[in-house]
Structures are given as structure tokens and as C-alpha cells.
Amino acid sequence: MRNAVRLGVLLALAAAILLPQEQAPAGKGPEQPVPYSHKFHLSMGLKCAECHTSPPPGEMMGIPSVAKCMTCHQAVAKDKPTIQKIAAAAKEKKELAWVRVYQIPSYVAFSHKAHLDAGATCQRCHGEVAKRDVLFKEGDISMGGCMSCHREHKASNDCGFCHEQR
Ligand code: HEC
Ligand code: HEC
Ligand code: HEC
Ligand code: HEC
Ligand code: HEC
């Protein structure tokens with residue numbers, strides 16, 4: 001009897017390991033002004049840094065301007081309604097109202113540059129961006145998430161390290 005239970009557990013474990021796990025986690029991202037797909041655009045060989053840079057002091061990564069999109073879409077798929085929306089914004093020198101996916105409260109200090117310099121990858125905090133048509137908050141940027149990585153890398157977990165002392 002015990003053995004049968006154990007076998008059952010083993011089979012369930014084996015199935016969990018062997019079955020294809022390609023399905024994306026069931027996260028739901030916000031609806032964006034146009035359905036920009038990271039998966040599709042990165043499959044053409046674009047690099048993160050072509051669209052996301054962190055100008056000094058390096059806190060923000062920033063979202064690319066529509067002018068960046070127009071370097072291709074001036075010509076590519078210009079009769080599609082989604083692209084016409086981008087072109088119209090560019091013409092009026094406006095930006096699209098992208099809905100933020102990752103955001104922490106202003107009372108938390110965070111610097112992209114400090115973390116990239118320390119060797120952290122985009123994936124570590126933002127998940128499998130290159131496999132996603134729609135981004136959702138799959139990376140853990142909660143206080144617990146920050147602290148467990150700090151513990152792992154022997155970075156400080158003093159309250160004042162991430163929260164300004166006042
Ligand atoms: C150590 C974790 C971490 C790493 C590594 C990281 N990010 Fe972030 N990212 C965050 C957090 C936290 C926010 C929210 C920041 C805020 O609200 O001020 C964020 C926000 C963003 C934003 C929204 C704009 C902004 O700057 O607030 C973009 C775009 C972004 N990250 C892209 C990237 C890219 C590209 C990389 C790799 C080059 C990367 N991130 C690496 C944690 C990380
Ligand atoms: C390196 C060139 C390139 C850049 C830069 C680029 N795109 Fe694209 N994009 C493409 C190509 C190629 C397609 C596929 C066109 C097709 O299916 O006919 C595409 C397709 C799209 C589509 C789907 C169009 C539709 O309705 O079928 C959207 C939306 C889109 N891009 C948005 C953007 C946005 C927003 C940016 C800027 C952040 C951007 N693209 C930057 C090349 C680019
Ligand atoms: C062609 C331009 C382009 C490239 C290349 C690109 N991105 Fe983005 N990224 C965008 C646009 C446009 C948005 C806003 C729409 C959205 O959230 O999907 C965005 C949003 C994001 C966000 C969410 C920011 C927030 O908090 O709202 C993250 C994280 C991010 N990108 C990471 C990456 C990473 C990592 C790579 C490389 C693997 C990458 N991006 C490559 C254009 C790009
Ligand atoms: C990938 C692991 C990792 C994650 C996730 C992470 N950190 Fe860090 N963080 C580090 C390391 C390592 C350092 C030390 C870098 C150094 O020594 O300069 C650091 C340094 C910092 C610093 C000091 C930066 C500076 O300017 O010197 C702050 C503030 C910080 N982290 C806040 C956060 C917050 C807030 C989060 C969650 C949103 C977070 N970290 C998530 C690894 C991480
Ligand atoms: C490594 C960075 C980091 C450290 C260290 C840290 N925090 Fe935080 N803290 C955060 C982040 C990120 C948030 C925002 C979480 C969110 O919005 O999901 C936060 C949020 C909070 C909040 C608001 C919680 C809520 O639910 O509204 C309090 C209170 C707080 N922290 C207290 C502390 C105290 C006390 C310490 C020291 C024991 C501490 N924090 C250390 C990153 C940190």
C-alpha cells in the first residue's frame with residue numbers, strides 16, 4: 001500500500017517533469033494602445049537596448065518614442081490601422097499612452113544601472129519578455145522579491161537601503 005502511494009507520487013512527479021511545459025503562464029497584461037508584441041519584434045533580432053536605454057542617472061529604462069517605431073513603420077505595414085495610429089501620433093509629436101506593467105511606489109529607491117552593473121539580467125526581474133506577445137507582471141518586484149535576492153547576493157536589507165530615512 002505505501003509503495004503504491006509512493007509509486008503514484010513518483011509517476012505524478014515524472015509526468016510533471018516530462019510533459020511539455022511550453023505553455024505560457026496564465027498571466028494577463030493590460031490592454032495597450034496598440035498590440036505591440038515583444039515576441040514578434042525580438043524574433044527579428046532586435047535587442048532590448050535598441051528601445052530601452054537608461055540615460056544617467058540610470059534609474060529608469062524608459063519606453064521608446066513612436067519615432068523609434070517609425071524608423072521601420074514609415075514603410076512597413078503602413079496600411080494597417082494599428083500602424084496608422086502610431087504614424088498619427090508621430091506626426092502630431094505625441095506619444096502613445098502605454099499602460100505601465102512594472103511600477104513600484106515612489107518611497108522605494110531603485111536604480112536599473114546599479115542592478116545591471118551588478119550583473120542582473122532583464123529576465124531576472126521581468127521574466128521571459130522575448131516569448132511574450134503581451135507583457136504582464138510575471139517578475140517579482142515585491143519587497144519580499146527584492147529582499148530575497150539581496151539576501152542571496154549579500155546586498156543590504158536595511159530598511160533605509162531601499163526606503164529613505166526621514
Ligand atoms: C533587479 C530588478 C530589475 C532588473 C534586473 C531590470 N529591471 Fe526593469 N524594472 C524593475 C523595477 C522594480 C521597475 C519599476 C521601477 C519604478 O517603478 O520606478 C522596472 C521598470 C522597467 C521599465 C519601465 C520604465 C521604467 O524605467 O520604470 C522598463 C522598460 C524596464 N524596467 C526594462 C528593463 C530592461 C530592458 C532590463 C534589462 C536591460 C531591466 N528592466 C532590468 C526591475 C528590474
Ligand atoms: C526593425 C523594424 C521594426 C521596428 C523598429 C518596429 N517594428 Fe513593428 N513591425 C515590424 C514588422 C516587420 C512587422 C510585421 C508587419 C506585417 O505583418 O506586415 C511589425 C508589426 C507591428 C505591429 C502589428 C501590425 C498589425 O496590425 O498587424 C504592430 C502593432 C507594431 N509592429 C508596433 C510597433 C511599435 C509600437 C514599435 C515601436 C515601439 C515598432 N513596431 C517597431 C517591424 C518593426
Ligand atoms: C522595438 C522596441 C522594443 C524592443 C526591442 C524591446 N522593447 Fe520592451 N517595450 C517596448 C514598448 C513599446 C513597451 C510598452 C508596451 C508594453 O508594455 O508592451 C515596452 C515595455 C517593456 C516593459 C514593461 C515596462 C512597464 O513597466 O510598463 C519591459 C519590462 C520591457 N519592455 C522589457 C524589454 C526587454 C527585456 C527587452 C529585450 C529582451 C525589450 N523590452 C525589447 C518596446 C521594445
Ligand atoms: C538580481 C538580484 C536583485 C534583485 C531582484 C534586486 N536587487 Fe537590489 N541589489 C542587488 C545587488 C547585488 C546590489 C548591490 C549592488 C552594489 O553592490 O552596488 C543591489 C543594490 C540595490 C540598491 C543600492 C543601489 C545603489 O545605488 O547603490 C538599492 C536601493 C536596491 N538594490 C533596491 C532594490 C529594490 C527596491 C529591488 C526590488 C524592486 C531590488 N533591489 C531587487 C541585487 C538585487
Ligand atoms: C531590498 C529593498 C527593500 C528593503 C531592504 C526593504 N523594503 Fe520595504 N518595500 C520595498 C518595496 C519594493 C516595496 C513596495 C512593494 C509593493 O508595492 O509591492 C516596499 C514596501 C514597504 C512598505 C509598504 C507596505 C505596504 O503593504 O504598503 C513598508 C511599510 C515597508 N516596505 C517597510 C520596510 C521595513 C520596515 C524595512 C526594513 C525591515 C523594509 N521595508 C526594507 C523594498 C524594500
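Q: Which helices each supply at least two residues of the shell around ligand 4?
A: This is a predicted model, where local features need pLDDT of at least 70, side-chain atom pairs count only at pLDDT 80 or more, and totals for chains, interfaces and linings use all residues. Residues are numbered from 1 along each chain as its sequence is written, while chains are lettered from A and ligands numbered from 1 in the order in which they are written. Helices here are DSSP runs (H or I, at least four residues), numbered from the N terminus. The ones asked for are α6 (112-117), α7 (122-126), α8 (143-152) and α9 (159-162).

Q: Which helix gives the largest share of that shell around ligand 4?
A: A residue counts as near a molecule if its C-beta atom, placed from the backbone, lies within 6 Å of it. Of the 19 residues around ligand 4, Cys146 and Cys149 are among those that come nearest. The largest share, three residues, comes from α8.

Q: Over at ligand 2, which helix gives the most to the shell?
A: Cys69, Cys72, Ala77, Lys80 and Thr82 come nearest, out of 19 residues around this ligand. Two elements give two or more residues to the shell, α4 (66-73) and α5 (81-91). With five residues, the top giver is α4.
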